Amino acid sequence: MIAFGPVPSRRLGRSLGINNIPPKVCTYACVYCQLGRTIKMRIERRAFYEPQEILKAVRDKVERTRYAGESVDYLTFVSDGEPTLDAHLGLEIELLRPLGIKIATITNASLIWREDVREDLMKADWVSLKVDSTREDVWRRIDRPQGTLQLALILDGMLEFAKTYRGELATETMLVEGLNDSDDHVRQVGDFLARLRPSRAYLAIPTRPPAEEWVRSPSEEAINRAYQILTQRVNQVEYLIGYEGNAFALTGSVEEDLLSITAVHPMREEAVSEFLGRAGADWSTVHELIKQAQLVEMAYEGTKFYMRRPHRR
Ligand code: SF4
């Protein structure tokens, strides 16, 4: 299906997905890929669908969605493979413009060293780049790229893109236990992100069945440490730990609000105290959520933090 949704997305509100690539045609074969193993690994760009076919599928879906009284915040290229492999990506973005909806692209950035790919991505309003590692050996183990790809060129391509991109730039780093979750490694990723200066850096963990059965998400402590390390280097760091929906909605229920805030950012002990005070509640609420295994308490550099227990596998 070329157009699907709209689905609720923490990052993009109500996002109507565009699948411009046949299943699992990708430049990577990430160990954590939720689509299973890469069927066709390739790095040459080519046409997969007629751009007019994409436009028609998306326009029909937008019309049906609006007719049902629902809204769409973003049209998002989020494929069953790598969207920049589509040689018509830029043209498709141009064709979709008259629909008057913002356009996003979620890419693994493996082809961003190519000028034509950067030019295509420039046309989107929101772009997310994958930055799982800045170390060649780790990158090869976690993302398992096509053999001729070179990480140094990809990282340079990202910096080049970020220099001139005028839309909203996000990054996504997937943490896998034992592969890229050490403090030292996260620091290196953070140093690169500090140069890239995305408007938001997302930290993700595998929450759905991955391509490789042995893949595990890091412990809550490791996730929190990674968050703290990145926060020292990048302004806006947020978790993507398996809760889509509207994580910012204040519902008036102390429990729900604590869970939705801590699904995005860990909260310091003082911040929780203040929040409880304002809500007229006390620490028994927090202790109950911990007992129910919905919230976890962790320490980092002598400070206690609370985070929503991630959806992990
Ligand atoms: S880049 Fe995305 S689609 Fe490709 S293997 Fe990795 S997770 Fe799967």
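A residue is called buried here when its relative accessible area is under 20%, exposed when over 50%, and partly exposed in between (1.4 Å probe, protein chains only). This is a predicted model, in which local features need pLDDT of at least 70 and side-chain atom pairs count only at pLDDT 80 or more, while totals for chains, interfaces and linings use all residues. Residues are numbered from 1 along each chain as its sequence is written, and side-chain values use heavy atoms, leaving out hydrogens and water.

**View 1. Tyr28 and Trp139 form an edge-to-face pair.** Their ring centres lie 6.1 Å apart with planes at 75° (rings of Phe, Tyr and Trp, the last by its six-membered ring, pair with centres within 6.5 Å; planes under 30 degrees apart are stacked, over 60 edge-to-face, the rest tilted). Trp139 is buried at 1% relative accessibility, and Tyr28 is buried too, at 2%.

**View 2. Trp283 and Tyr306 make a tilted pair.** Here the ring centres are 5.4 Å apart and the planes meet at 55°. Trp283 is partly exposed at 23% relative accessibility, whereas Tyr306 is buried, at 2%. Look back at both views with the total in mind: the structure holds four aromatic pairs.

**View 3. Arg11 sits over the face of Tyr202.** The distance to the ring centre is 5.4 Å. For such a placement, NZ of Lys or CZ of Arg must be within 6 Å of the ring centre and within 35 degrees of the ring normal.
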